[in-house]
Amino acid sequence: MSPQDLVLGIETSCDETGIGLYDLARRRLVAHRVFSQIDMHAAYGGVVPELASRDHVRRIVPLIRETLGAAQAELSDLVAVGYTTGPGLAGALLVGASIAEALAMALGIPAIPVHHLEGHLLSPLLASEPPQFPFVALLVSGGHTQLMSVAGVGNYVLLGESVDDAAGEAFDKTGKLLGLGYPGGPAMAKLAAGGVAGRFRLPRPMLKSGDLQFSFSGLKTAVLTATQQPDYSAERAPDLAAEFQEAVVDVLCGKALAALKQTGLQRLVVAGGVGANTRLREQLITAVSRSGGRVYFPELEFCSDNGAMIALAAAMRIEAGIAEATSNGAFAIRPRWPLDQACA
Ligand code: KG4
Ligand code: ZN
């Protein structure tokens, strides 16, 4: 049976061009492709926005063709195009937005702006054992660390967030100061695997603050201070990385448990790039199951930025009757856009 009623998802908010195809009738993802620009940005130690935009321009149309080909689908099978409209890099967002709007206009189908974090927090629903609503979502990406109460699609209440650096940003910055390449998260996790936490003592910022806010920038400074001590040498970097990771994981676990307690919910959904961290996964599973709850993670391929989660979010909004299509190709990108303002 050939796929039909397909929702195309387009993600270009940062350094991944992501395309997804979600079958609305059969409620399943049929194909997705991601092109990561990480290698290109690694030479500069971080994402260079102008280079990111230019590379999205080069990749996006061939990637859409490739994804349609993988699904043995045609443009005429599309019923809507969802695209990330924010938050993210303005130039990068514009590439996805203009392609999506042009395609939708040419095909006479709706274009649906999608919030990037909504994509992330719904991404565990693409797993073989998806969570039911309601749940608490812990969003841990390069740009955001947030706890959300999610009653259903388009129904999000912010419980707490980072007052400074995001968890992923802290991994990236700390990795940089330890001389690791970009992105620092996976590199720090790898370094930490060869070290022992506890040989250095780092703070657990705001763990006992009594609210659901986070702060990670002091942790990065504490790592810097540790490297400046006379007894520090590069051989001790794995131990320092392990202690840093443990500190971040302790805080994320502690606050996630507090959020479950505060809301009375049993299910925790973890999303965003840092959700790929093995130590975080282990600790969350242990802590949440001990308290009688259950943790859900996206498949590893959907932890980092991708088009599948954007196609899914657009499809779920269509199903729920809350998709707000743009009209006459008039669209705006939203580089800064709090998720609770994207509620239905
Ligand atoms: O969600 P994502 O792909 O992009 C954003 O929307 O930000 O998250 C990227 C972030 C980066 O900061 C990266 O270093 C971090 O996720 N990350 C990790 C790991 N894999 C990716 N952090 C810690 N451990 C990992 N294994
Ligand atoms: Zn992301």
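1. Arg27 counts as exposed because its relative accessibility is 57%, where exposed means over 50% relative accessible area, buried under 20% and partly exposed in between (1.4 Å probe, protein chains only). Arg27 sits in the loop that joins strand S2 (16–23) to strand S3 (28–36); helices (H or I, at least four residues) and strands (E, at least two) are DSSP runs numbered from the N terminus. Apart from neighbours within four places in sequence, Arg27 is in contact (heavy atoms within 4.5 Å) with Tyr22 and Glu319. Arg27 and Met316 are 289 residues apart in sequence, yet their C-alpha atoms are 9.2 Å apart.

2. On the basis of the note: this is a predicted model, in which local features need pLDDT of at least 70, side-chain atom pairs count only at pLDDT 80 or more, and totals for chains, interfaces and linings use all residues. Residues are numbered from 1 along each chain as its sequence is written, chains are lettered from A and ligands numbered from 1 in the order in which they are written, and side-chain values use heavy atoms, with hydrogens and water left out.

3. The zinc ion (ligand 2) is coordinated at 2.0 to 2.1 Å by His116 (NE2), His120 (NE2) and Asp305 (OD). Donors are N, O and S atoms within 2.8 Å of the metal (3.2 Å for Na, K and Ca); water is not among the atoms, so sites may look incomplete. The spacing of the donor residues in sequence is H-x3-H-x184-D. Distant parts of the chain are linked here: His116 belongs to helix H4 (residues 116–122), while Asp305, 189 residues apart from it, lies in the loop between strand S10 (294–296) and helix H10 (308–320). Both His116 and Asp305 are buried.

4. The chain is assigned domain 1 (6–122 + 303–342) and domain 2 (133–297), with bounds from an automatic or database domain assignment. Their centres, taken over C-alpha atoms, are separated by 27 Å. In the contact between them, 20 residues of domain 1 meet 22 residues of domain 2. About 1700 Å² is buried between the two domains, 74% of it from carbon and sulfur atoms; buried area is the accessible area (1.4 Å probe) that two parts lose on being put together, summed over both. Leu117, Leu121 and Cys303 supply 34% of the area that domain 1 buries against domain 2, more than any other three residues.

5. Helix H8 (residues 237–263) is mostly covered, with 20 of its 27 residues buried. Just after H8, Gly264 has a positive phi of about 75 degrees.
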